[in-house]
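Here is a short briefing on one protein chain. Keep the structure open as you read, and find each element as it comes up.

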Amino acid sequence: MHVPVAIVGAGPSGSLLAWILRQRGIESIVLERQSREYVESRIRAGVMEQNSVDLMIKAGIGERLQKECMYHRGVAIGLYNEHHFLDFDKLIGIGVTVYGQSEVTKDLLGGLAAEGHNVLYEAPVRAIEDIEGDRATVKYTHEGADQELTCDFVIGCDGFHGPSRQAMPASVLKTHEKVYPFGWLGVMVNAPPSKDVALFAHHDRGFALLSMRSPKVSRLYLQCKPDEDLDEWPDERIWDELDTRLGTPGWELERGEIFQKDVTPLRSFFCYPMTHGRLFLCGDAAHIVPPTGAKGLNSAFADVSVLSSGLIQHYTKDDESILRRYGEVALERNIQTQRFSWSNTSKYHIFPDSNAFDRRMQAGEMEYLVTNETAQISYAQQHTGLPFAYWPEL
Ligand code: FAS
Ligand code: PHB
């Protein structure tokens, strides 16, 4: 079988790319290792930049998002157990949107299914070959049989642990990585969020974040050891620690049933070139950020915006100019996303090896942010998202 575009992975980047290409009649196949239910059930990102929202709306798959999302004017910063509201809308005229990643993937995979798009689930890709030829080969397993296909382009949307980055020649690929000495213990709670915006708290005992998924479901995080044992964190201990780190006089954190607990280690990672021959890396396959800047999902969408623009231009106008710029343009934006996520992580978290000077400078960074409007404008511009370089013609 030969298809124009083979997409590895049906997460947010792979499913959005397939959806956009389909709107312009460009045939693709999506090969996903897991079941559709598994992909849709993963609890991950929660905050979308306006660019990401606009891309889904422009692609004609944003109807439920527009009905059910929550718009946040800005964020709250917790410092010395005081809450400081950064009103992004007032500072720069734009806020952020809360709409869980699981809802995004339900909309996209539901849309693809409704249109009968070729998405193969439980179809793990085993190998990606011939990427320097005039057509690439993708080998996968489906319904117990080894299969293969050829394609004009193979797009690696297979996340950090997928095979596509491994298909890049080792002599070509360069990587940069930083593994942080802490992780996030996350809980999903059946309780209304106790603030109307996300609250990011810098506290001597560690970072904490209050976020949400809906008016009835809260999402909260605590900085923890990267290999934290959840058995050592009964609900009561989680709530007491959240109260300590997030609390402020006169405010109460509403408790409720914790129905999911998870620990996520934090790393910064990116690789380049993001493309070689017929292979293009997209989203987490090319870069990972610590979630302190809410950029993982949004960076994946930024890549998709460039890549879909380039593929549409190639197939409809026989013009590869955007495709040829993909690696450069996507990397340039990702470096700035990496920097913001690293900077936030460095500011908010307590590092085990930091000394008194380090800790005082961190607190000084936070004091500057909550008191200086210029710092807040810069923070707002980065948190709400840098511009997309290209938008697909739809
Ligand atoms: P994904 O990893 O989402 O999707 C890759 C897909 O490829 C998966 O469905 C996988 O099954 C499939 N795949 C892998 N190998 C394959 C193979 N061999 N063959 C076929 N398919 C294969 N971002 C935020 O902005 N905020 C957050 O709070 C946040 N929290 C996170 C928590 C966790 C635990 C993790 C892991 C990530 C979190 N992220 C967060 C980042 C996350 O949202 C990613 O940025 C986002 O999922 C990126 O989407 P994709 O690039 O599509 O990769
Ligand atoms: C979330 O809602 O899961 C969330 C929000 C903001 C972040 C990270 C995670 O920076």
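**Sheets, turns and charges**

Eight strands, written 8 in the count, form an open sheet in the order 6-5-13-14-15-12-16-19, and their pairing is mixed. Strand 6 and strand 19 (287–288) are the edges; each has a single partner strand, so one side of each has no neighbour in the sheet. Keep in mind that this is a predicted model. A search of the whole structure finds 26 salt bridges.

- Strands of a sheet pair through backbone hydrogen bonds, and the pairing can be parallel or antiparallel.
- Strand 12 (residues 174–190) and strand 15 run antiparallel, joined by 7 bridges.
- Look for Gly183: it stands opposite Cys224 in strand 15.
- Strand 5 and strand 6 also pair in the antiparallel sense, over 5 bridges.
- Ile77 has His84 in strand 6 as its bridge partner.
- Strand 5 and strand 6 form a hairpin with 2 residues between them.
- Tyr80 sits in the turn of this hairpin and has a positive phi of about 55°.
- Asn81 lies in the loop between strand 5 (75–79) and strand 6 (82–86).
- Asn81 has a positive phi of about 60°, although it is not a glycine.
- Asn81 counts as partly exposed, because its relative accessibility is 28%.

- Another open sheet has 3 strands in the order 3-7-4, with antiparallel pairing.
- Its edge strands are strand 3 (47–48) and strand 4 (70–72), and each pairs on one side only.
- Strand 4 pairs with strand 7 (residues 96–98) in the antiparallel sense, over 3 bridges.
- His72 has Val96 in strand 7 as its bridge partner.

**Backbone details**

- Where is Glu122 found? Glu122 is in the loop between strand 8 (119–120) and strand 9 (125–129).
- Glu122 has a positive phi of about 50°, although it is not a glycine.
- Glu122 counts as exposed, because its relative accessibility is 53%.
- Helix 3 is followed by Gly60, which has a positive phi near 80°.
- The buried residues of helix 3 (residues 50–58) are Asn51, Ser52, Val53, Leu55 and Met56.
- The peptide bond from Tyr272 to Pro273 is cis, with omega near 0°.
- Pro273 lies in the loop between strand 16 (257–272) and strand 17 (275–276).

**Salt bridges across the chain**

- Lys295 forms a salt bridge with Glu49, and the closest N and O atoms are 2.7 Å apart.
- This pair links distant parts of the chain, 246 residues apart. Lys295 is in the loop between strand 19 and helix 8 (296–317), and Glu49 is in the loop between strand 3 and helix 3.
- Are these two partners buried or exposed? Lys295 is buried, at 2% relative accessible area. Glu49 is buried, at 2% relative accessible area.
- Glu241 and Arg205 meet through their side chains in a salt bridge of 2.6 Å, N to O.
- Glu241 is in helix 7, while Arg205 is in the loop between strand 13 (199–202) and strand 14 (208–214). The pair links distant parts of the chain, 36 residues apart.
- Glu241 is buried, with a relative accessible area of 8%. Arg205 counts as exposed, at 51% relative accessibility.
- Lys317 and Glu393 meet through their side chains in a salt bridge of 2.9 Å, N to O.
- Lys317 lies in helix 8 and Glu393 in the segment after helix 11 (373–383), so the pair ties together parts 76 residues apart in sequence.
- Lys317 is partly exposed, with a relative accessible area of 49%. Glu393 is partly exposed too, at 45% relative accessibility.
- Arg64, Glu68, Glu103, Lys106 and Asp107 are linked in a network of salt bridges.

**A charged surface patch**

- Which residues gather in a patch of negative charge on the surface? They are Asp227, Asp229, Asp231 and Glu232.
- Asp227 is found in the loop between strand 15 (217–224) and helix 7 (235–246).
- Asp227 counts as exposed, because its relative accessibility is 60%.

Conventions: Residues are numbered from 1 along each chain as its sequence is written. Chains are lettered from A and ligands numbered from 1 in the order in which they are written. This is a predicted model: local features need pLDDT of at least 70, side-chain atom pairs count only at pLDDT 80 or more; totals for chains, interfaces and linings use all residues. Side-chain values use heavy atoms; hydrogens and water are left out. Patches are made of residues with over 30% relative accessible area and no salt bridge: like charges are joined within 9 Å, nonpolar side chains (Val, Leu, Ile, Met, Phe, Trp, Tyr) within 5 Å. Accessible areas come from the Shrake-Rupley method with a 1.4 Å probe; for residues, only the protein chains shown count as cover. A salt bridge is a side-chain nitrogen of Lys or Arg within 4 Å of a carboxyl oxygen of Asp or Glu. Lys and Arg count as positive and Asp and Glu as negative; His and the chain ends are not counted. The place of a charge is taken as NZ of Lys, CZ of Arg, CG of Asp or CD of Glu. Helices (H or I, at least four residues) and strands (E, at least two) are DSSP runs, numbered from the N terminus. Buried means under 20% relative accessible area, exposed over 50%, partly exposed in between (1.4 Å probe, protein chains only). Two strands pair if DSSP finds at least two bridges between them.
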